There are 2 protein chains.
Amino acid sequence: MQLRDTLGLDEKRAIIQSARDRLHFSSGEDLVVEGDRPMRCVLVTSGFACRYRLLPSGERQIMAIHLPGDFVDLHSFLLKEMDHSVGALTECTAVGFPHESLLQVTERFPHLTRMLWLMTLIDAAGHREWLIGLGLLSAPQRTARLFCEIYKRLEIVGLARDHEFRFPVTQVAMGDALGISAVHVNRVVQELRQQDLITWERGTVRILDWSRLVATGQFSDRYLHLVREPR
Amino acid sequence: MQLRDTLGLDEKRAIIQSARDRLHFSSGEDLVVEGDRPMRCVLVTSGFACRYRLLPSGERQIMAIHLPGDFVDLHSFLLKEMDHSVGALTECTAVGFPHESLLQVTERFPHLTRMLWLMTLIDAAGHREWLIGLGLLSAPQRTARLFCEIYKRLEIVGLARDHEFRFPVTQVAMGDALGISAVHVNRVVQELRQQDLITWERGTVRILDWSRLVATGQFSDRYLHLVREPR
DNA sequence: CGCGCTCTTGACGAACATCAAGCTCCGTGG
DNA sequence: CCACGGAGCTTGATGTTCGTCAAGAGCGCG
């Protein structure tokens with residue numbers, strides 16, 4: 001949040017005091033389920049989570065991957081009913097913020113409210129990026145782009161550097177995120193490896209050629225809106 | 001907005017008084033362009049608009065279709081820089097709301113602020129629906145779903161009934177929205193016609209069998225969050 | 001040691017893209 | 001009133017990307 005505008009001391013205090021229970025989820029567990037009407041919002045503090053939806057056929061579409069620092073269901077504060085689920089891709093820890101406390105915050109702190117609003121807008125911008133991937137890009141492009149996105153976002157929150165990061169996610173999950181079959185994910189990853197763009201072994205990704213990977217995935221971080229300015 | 005929660009008289013007055021200039025766009029014209037830093041937000045009052053992005057290759061992905069009553073770039077109020085464009089699919093009229101006025105609103109009216117926030121959250125929910133379409137559904141399913149979505153939303157704002165609506169949009173634009181080629185759109189539409197699901201002639205769509213079209217497109221209006229409750 | 005999960009590879013098929021051509025409709029100007 | 005032109009729609013032939021099915025290999029875990 002502090003990356004996009006400066007928070008006042010009282011604002012910081014208000015948001016910190018809204019945090020309640022510490023939560024823990026093991027890999028595969030759901031943080032929230034489609035149809036739920038949660039009483040709190042969840043901020044991930046460690047691990048990877050994802051938003052997804054299941055079709056009756058059992059197919060899964062992952063619509064976003066969430067990292068530590070992400071408010072995965074802040075929208076439930078106003079939408080009330082979840083239109084999708086959030087699951088833990090790895091073991092996760094998190095903090096809950098009761099809707100009741102958030103309501104108080106919005107009543108008293110207009111600027112902080114706008115910053116929370118902004119968080120959800122950046123989420124939506126992420127959805128639009130994802131849409132471009134699914135609609136316009138080939139499987140190798142999408143895959144390259146996803147690696148770029150995860151690395152960039154991890155780097156921003158200080159969880160990755162030197163073009164390397166832990167990514168203990170299965171190829172099946174990758175397929176669900178990229179909208180392609182797990183078999184095809186495998187082939188595409190082979191291809192990226194062969195082109196000396198990345199390595200990916202035992203849950204660790206190393207990006208060997210950032211600029212070529214960015215070009216392949218047509219990645220841009222504009223959608224993250226990383227400029228600090230009055231909002 | 002009034003469909004999701006009740007507005008007070010002072011809130012109604014505040015939002016109405018924020019409206020400034022009446023705008024007019026002819027078909028194909030852009031309301032806002034990627035990279036812009038608009039000083040106002042635009043509410044469409046007639047016609048169809050769409051959010052889209054262009055790739056360097058010239059391909060276009062349409063990410064949402066907007067109808068009268070939609071605040072097409074409300075997110076620019078906080079995101080500041082547009083990460084996509086908004087174009088008029090048909091002739092459009094609209095109203096501008098200066099960011100400055102919206103800022104005043106958020107400083108004074110917490111509940112109204114939450115309602116504006118909610119508008120952008122419903123937009124994001126729409127993006128997630130679109131993602132499911134592109135990621136998991138076949139071309140005929142996506143197409144059926146799009147017709148369901150447009151009809152449902154038009155019906156809500158009182159612009160369609162009897163399962164019929166004006167839809168003066170080309171098959172090329174449909175392809176850009178559905179992530180398939182225009183040629184394939186044509187074939188799929190033929191198929192829907194042959195199955196007596198719809199007719200589509202001279203810019204008018206008629207849905208012949210709503211429940212079968214809903215089933216084909218696996219459409220649900222849950223993402224529109226049409227329940228009126230305190231937010 | 002054996003079981004299950006994930007990754008890997010090959011063969012085959014389906015969905016959709018691309019290219020190309022002809023058609024319909026409609027507005028425009030002579 | 002008709003000829004013309006252009007935009008959009010329609011249809012066919014061919015090619016590519018990716019899905020599905022199937023089988024085997026590696027690896028961690030009980």
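Trainee: How are residues, chains and values to be read here?

Mentor: Residues are numbered from 1 along each chain as its sequence is written, and chains are lettered from A and ligands numbered from 1 in the order in which they are written. In this predicted model, local features need pLDDT of at least 70, side-chain atom pairs count only at pLDDT 80 or more, and totals for chains, interfaces and linings use all residues, while side-chain values use heavy atoms, with hydrogens and water left out.

Trainee: Why is His66(B) called buried?

Mentor: Buried means under 20% relative accessible area, exposed over 50% and partly exposed in between, with a 1.4 Å probe and protein chains only. His66(B) has 3% relative accessibility, and therefore counts as buried. The residue lies in strand β5 of chain B; a strand is a DSSP run of E with at least two residues, a helix one of H or I with at least four, both numbered from the N terminus.

Trainee: What makes the pairing of His66(B) and Arg51(B) a polar contact?

Mentor: A polar contact is a pair of N or O atoms within 3.5 Å; within protein, one must be able to donate a hydrogen and the other to accept it, and residues adjacent in sequence count only if both atoms are side-chain atoms. The side chains of His66(B) and Arg51(B) are joined at 2.7 Å, and those of His66(B) and Asp70(B) at 3.0 Å.

Trainee: Which residues is His66(B) in contact with, leaving aside its neighbours within four places in sequence?

Mentor: Contact means heavy atoms within 4.5 Å. Among the residues that His66(B) touches are Phe48(B), Val72(B), Asp123(B) and Arg153(B).

Trainee: What makes Glu229(A) and Arg37(B) a salt bridge?

Mentor: A salt bridge is a side-chain nitrogen of Lys or Arg within 4 Å of a carboxyl oxygen of Asp or Glu. The closest N and O atoms of Glu229(A) and Arg37(B) are 2.6 Å apart, and the pair forms a salt bridge. Across the interface of chain B and chain A, the rule finds 11 salt bridges. Helix α4(B) gives the most to the side of chain B that touches chain A, with 20 residues.

Trainee: How much area is buried between chain B and chain A?

Mentor: Buried area is the accessible area (1.4 Å probe) that two parts lose on being put together, summed over both. For chain B and chain A the figure is about 5,000 Å², with 65% given by carbon and sulfur atoms. In chain B, Leu78(B), Trp117(B) and Arg128(B) lose the most area to chain A, together 17% of what that side buries.

Trainee: Which residues come nearest to DNA strand D?

Mentor: A residue is near a strand if one of its heavy atoms lies within 4 Å of it. Of the 15 residues around DNA strand D, those that come nearest include Ile180(A), Ser181(A) and Asn186(B). A phosphate oxygen of DNA strand D is 2.8 Å from a polar backbone atom of Ser181(A), and one is 2.6 Å from an N or O atom in the side chain of Asn186(B).

Trainee: Which element gives the largest share of the surface near DNA strand C?

Mentor: Helix α7(A) gives the largest share, 5 residues. In DNA strand C, a phosphate oxygen is 2.6 Å from a side-chain N or O atom of Asn186(A).
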